[in-house]
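Keep the viewer open as you read.

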Amino acid sequence: MIPHPEVMVIDAAGEKRGVLSLEEALSVAEESGLDLVEVSPNTSPPVCKIIDYGKLKYQNQKKASEARKKQKTVDIKEIKMRPNIDTHDYDVKMRSVMKFLSAGDKVKVTMRFRGREMMHHELGMEVLHRVRDHFEEEAKVEAAPKMEGRQMIMVLAPR
């Protein structure tokens, strides 16, 4: 499977064997009962290692599995409000936003407008600015407040 006539060979102990022809390298690998695996194809000459290919595949699979376990997926949580929200309701929503931000999630704050509220976007903008100022240290504004149809949306991301 190795398309190059000459390769740099590294044996199972990790010591360089030097530049060998492909046939010599394959015979050396066969003598030791292991496989000849191309490690670095872009160098000149390409580097091949004498190792157990099944074991290499298993180790790579374990590394990929560990990387998947350690990565954190960032979810976007949504908080919906109305422009004439009461102070207690606002405080309850802010506790939820704080919980989401401390868990490392982004928060999408949605301000819904119904009926005559559509004429007073500035009321919704005031509430969203109040939210932004409330979380100045904990979060940064990833998407500034903007209208999308009947709702105004702002996205906060944890710092």
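## Starting from a strand residue

K77 sits in strand β5. Keep in mind that this is a predicted model. Is K77 buried, exposed or partly exposed? With a relative accessible area of 29%, K77 counts as partly exposed, because that label covers values between the 20% and 50% cut-offs. Setting aside neighbours within four places in sequence, K77 is in contact with F100, D105, K106, V107 and K108. K77 and V109 are 32 residues apart along the chain, yet 8.5 Å separates their C-alpha atoms.

One of those contacts, D105, is worth a stop. D105 belongs to the loop between α3 and β6. Its relative accessibility is 6%, so D105 counts as buried. What does the side chain of D105 have beside it at 3.4 Å? A polar atom of that side chain lies 3.4 Å from the backbone nitrogen of D75. Beyond four places in sequence, D105 touches K72, T73, V74, D75, K77, F100 and P158.

Next comes T110, which is found in strand β6. T110 has 0% relative accessibility and therefore counts as buried. Its side chain makes a polar contact with the side chain of E78, at 2.7 Å. Leaving out residues up to four places away, T110 touches E78, I79, K80 and M81, and also Q151, M152 and I153.

For contrast, look at L123 in helix α4. L123 is partly exposed, with a relative accessible area of 41%. L123 and N84 are 39 residues apart in sequence, while their C-alpha atoms are 7.6 Å apart in space.

Here are the residues above for which a relative accessibility is given.

| Residue | Relative accessibility | Class |
|---|---|---|
| T110 | 0% | buried |
| D105 | 6% | buried |
| K77 | 29% | partly exposed |
| L123 | 41% | partly exposed |

Now for the helices. Helix α3 runs over residues 87–102, which makes 16 residues. From its first C-alpha to its last, α3 reaches 22 Å, close to the 22 Å expected at 1.5 Å a residue. Which residues of α3 are buried? They are Y90, M94, V97, F100 and L101. Viewed down the axis of α3, these buried residues fall within an arc of 120°, so they line one face of the helix.

The face of α3 turned away from the buried side carries exposed residues, namely H88, R95, K99 and S102. Cover for the buried residues of α3 comes from elements including β5 (76–81), β6 (106–112), α4 (121–134), β7 (139–148) and β8 (151–158). Just after α3, G104 takes a positive phi of about 90°.

Helix α1 (residues 22–32) can be read in a similar way. Its buried residues are L22, A25, V28 and A29. They cover an arc of only 125° around the axis, which puts them on the same side of α1. E23, E30 and E31 are exposed on the face of α1 turned away from its buried side. What covers the buried residues of α1 includes β1 (6–10), β2 (16–21), β3 (35–40) and β4 (47–51). G33 follows α1 and has a positive phi, near 75°.

## A backbone detail

Which peptide bond is cis, with omega near -10°? That is the bond from S44 to P45. P45 lies in the loop between β3 and β4.

Terms used
Residues numbered from 1 in each chain as written. Predicted model: local features only at pLDDT ≥ 70, side-chain atom pairs only at ≥ 80, totals over all residues. Heavy atoms only, no water. Helix = DSSP H or I, 4+ residues; strand = E, 2+ residues; numbered from the N terminus. Expected span 1.5 Å × (residues − 1). Buried < 20%, exposed > 50% of the residue type's maximum accessible area, 1.4 Å probe, protein only. Arc of directions from axis to C-beta. Contact = heavy atoms within 4.5 Å. Polar contact = N/O pair within 3.5 Å; in protein donor to acceptor, adjacent residues only side chain to side chain.
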